[in-house]
Amino acid sequence: MTRIRLGMVGGGNDAFIGGVHRIASRIDGHFDLVAGALSSTPEKARASAETLGLDPSRSYGSFEEMAEAEAAREDGIEAVSIVTPNHVHFPAAQAFLSRGIHVICDKPLTATFEDAEAMEKAVAESQALFILTHNYTGYPMIRQARQMVAEGALGKIRLVQAEYPQDWLTDAVETEGVKQAEWRTDPERSGAGGSIGDIGTHAYNLACFVSGLTGEELAADLQSFGAGRKLDDNAHILLRYEGGARGMLWCSQVAPGNENGLRLRIYGEKGGLEWAQEDPNYLWFTPHGEPTRRLTRNGPGAIEASTSVSRIPAGHPEGYLEGFATIYTEAAEAIRAVQGGQSREAVMGVLPGIGAGLDGMAFIRACVASAGDNAAWTKL
Ligand SMILES: NC(=O)c1ccc[n+]([C@@H]2O[C@H](COP(=O)([O-])OP(=O)(O)OC[C@H]3O[C@@H](n4cnc5c(N)ncnc54)[C@H](O)[C@@H]3O)[C@@H](O)[C@H]2O)c1
């Protein structure tokens, strides 16, 4: 098995998620990072490539330069990870998709809905795969929850409760040089959504992924508590799903004591399921009228849907990096399958792609429209 030659856009020195993507791409050994346009300025990009030990001839000052040069090489990159702020996702992805290079892009899909539609077109016109790293779908017990719901363990779904509270924007740290906060609170770089785009899209994606349901309409109350902040940092959202299920979604970046509190609870006619990202190796299952059961990753109660994406024995915690690695490993399998002649549609499996990205953008758009109209019910 040869490793897939990978490039990266963004993820320079001091960036957050680029380093996570690099680790995740290596965990199962499917990728080699061989090229990068790692930062917003050529100097920082070069310095970052040096830190990583990249071949200087494959360290580029911009993603445009990288796409052109790599596409012209016989041993050019086969896939690229895009880990920049949101407004760069579309132009960068387009540069690689148009050259047949597979794209692994972080969420949300784009900053604007117009860019999202342009991204959809760019994906449709390319032969390459587009994978969106909604990484929480890679956790073993989330895969198990999805399978259990699909097999009817909960019966018809009635309630989908999702929440994603954090506290790191409680103070206006965007004015104190925290660059992750600077672009996330800037509509030009983040888009129309603050917390709803940054973490609300993860929670909504997870709610749909596990429940198997599509959202139909929502009513959103958005707030900006941070002084001078232009985008929401807290949102309370009521949701109506297809088939009559009801749900709530709370996302917040101003809730002290919450670090990364993504949590999902789903209830049907026959039972309930509960999962929390900060304790991800357990799934709590309550068949109605019976005591709650703790299902353990790779342990008692685990089914193939979770054991097949689990790497170590029960009791040794797996978490964020491994869940992310599962997305990369499945992306590698999909890339090899396409290279072997299979159709794009046949190889995606449960990997989030352009459809999940567009759903996230529709979620942001509906939240903003609803909130602007005094939390009126708004179609998704
Ligand atoms: N899936 C997840 O769990 C998760 C977590 C965090 C962030 N994200 C997403 O990842 C993306 C990056 O977030 P972050 O927190 O790592 O941001 P960050 O600010 O830490 O890093 C962004 C990097 O992109 C670089 N960059 C900016 N413009 C560029 C350009 N034109 N060309 C090349 N590089 C450029 C910056 O120099 C920096 O290195 C965002 O879209 C965010 O929503 C996803």
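Modeller: Strand E12 (residues 282-287) pairs with E13 in the antiparallel sense, over four bridges. Two strands count as paired if DSSP finds at least two bridges between them. The strands (E, at least two residues) and helices (H or I, at least four residues) are DSSP runs, numbered from the N terminus. This is a predicted model, in which local features need pLDDT of at least 70 and side-chain atom pairs count only at pLDDT 80 or more, while totals for chains, interfaces and linings use all residues. Residues are numbered from 1 along each chain as its sequence is written, and side-chain values use heavy atoms, with hydrogens and water left out.

Within this pairing, Trp284 faces Arg294 in E13. The hairpin of E12 and E13 has five residues between the strands, and Gly289 there takes a positive phi near 85°.

Both strands belong to an open sheet of nine strands with mixed pairing, ordered E13-E12-E11-E10-E6-E9-E8-E7-E14. Its edges are strand E13 (293-296) and strand E14 (378-379), each of which pairs on one side only.

Seven aromatic pairs are present in the structure. One of them is Phe31 with Tyr328, an edge-to-face pair with 5.4 Å from centre to centre and 85° between the planes. Phe31 belongs to strand E2 (residues 31-37) and Tyr328 to helix H11 (residues 320-339), so this pair ties together parts that are 297 residues apart in sequence. Phe31 is buried, with a relative accessible area of 3%, and Tyr328 is buried at 1%. Tyr204 and Phe363 have ring centres 4.7 Å apart and planes at 10°, so they form a stacked pair. This pair too links distant parts of the chain, with Tyr204 in helix H9 (residues 195-211) and Phe363 in helix H13 (residues 354-372), 159 residues apart. Both Tyr204 and Phe363 are buried. Ring pairs also link Tyr136, Tyr139, Tyr164, Trp275, Tyr320 and Phe324 into a cluster. The cut-offs are as follows: rings of Phe, Tyr and Trp (its six-membered ring) pair if their centres lie within 6.5 Å, and planes under 30 degrees apart count as stacked, over 60 as edge-to-face and the rest as tilted. Buried means under 20% relative accessible area, exposed over 50% and partly exposed in between, with a 1.4 Å probe and protein chains only.

Two rings carry a charge. The charged end of Arg146 sits over the ring of Phe209, 4.3 Å from its centre, and that of Arg365 sits over the ring of Phe113, 3.7 Å from its centre. The test is that NZ of Lys or CZ of Arg is within 6 Å of the ring centre and within 35 degrees of the ring normal.

Helix H6 (residues 140-150) has eight of its eleven residues buried, so it is largely enclosed by the rest of the structure. Among the buried ones are Pro140, Arg143 and Val149. Just after H6, Gly152 takes a positive phi of about 90°.

Ser310 lies in the loop between helix H10 (304-307) and H11 and counts as buried at 13% relative accessibility. Its side chain makes a polar contact with the side chain of Asn298 at 3.2 Å. A polar contact is a pair of N or O atoms within 3.5 Å; within protein, one must be able to donate a hydrogen and the other to accept it, and residues adjacent in sequence count only if both atoms are side-chain atoms.

Last, the ligand. It is surrounded by 29 residues, the closest being Ile17, Asn86, Lys107, Asn135 and Gln180; a residue is near a molecule if one of its heavy atoms lies within 4 Å of it. A polar side-chain atom of Asp106 is 3.0 Å from a nitrogen atom of the ligand, and a backbone N or O atom of Lys107 is 2.7 Å from an oxygen atom of the ligand. Taken alone, the ligand exposes 850 Å², of which the protein buries 92%. Accessible areas come from the Shrake-Rupley method with a 1.4 Å probe; for residues, only the protein chains shown count as cover.
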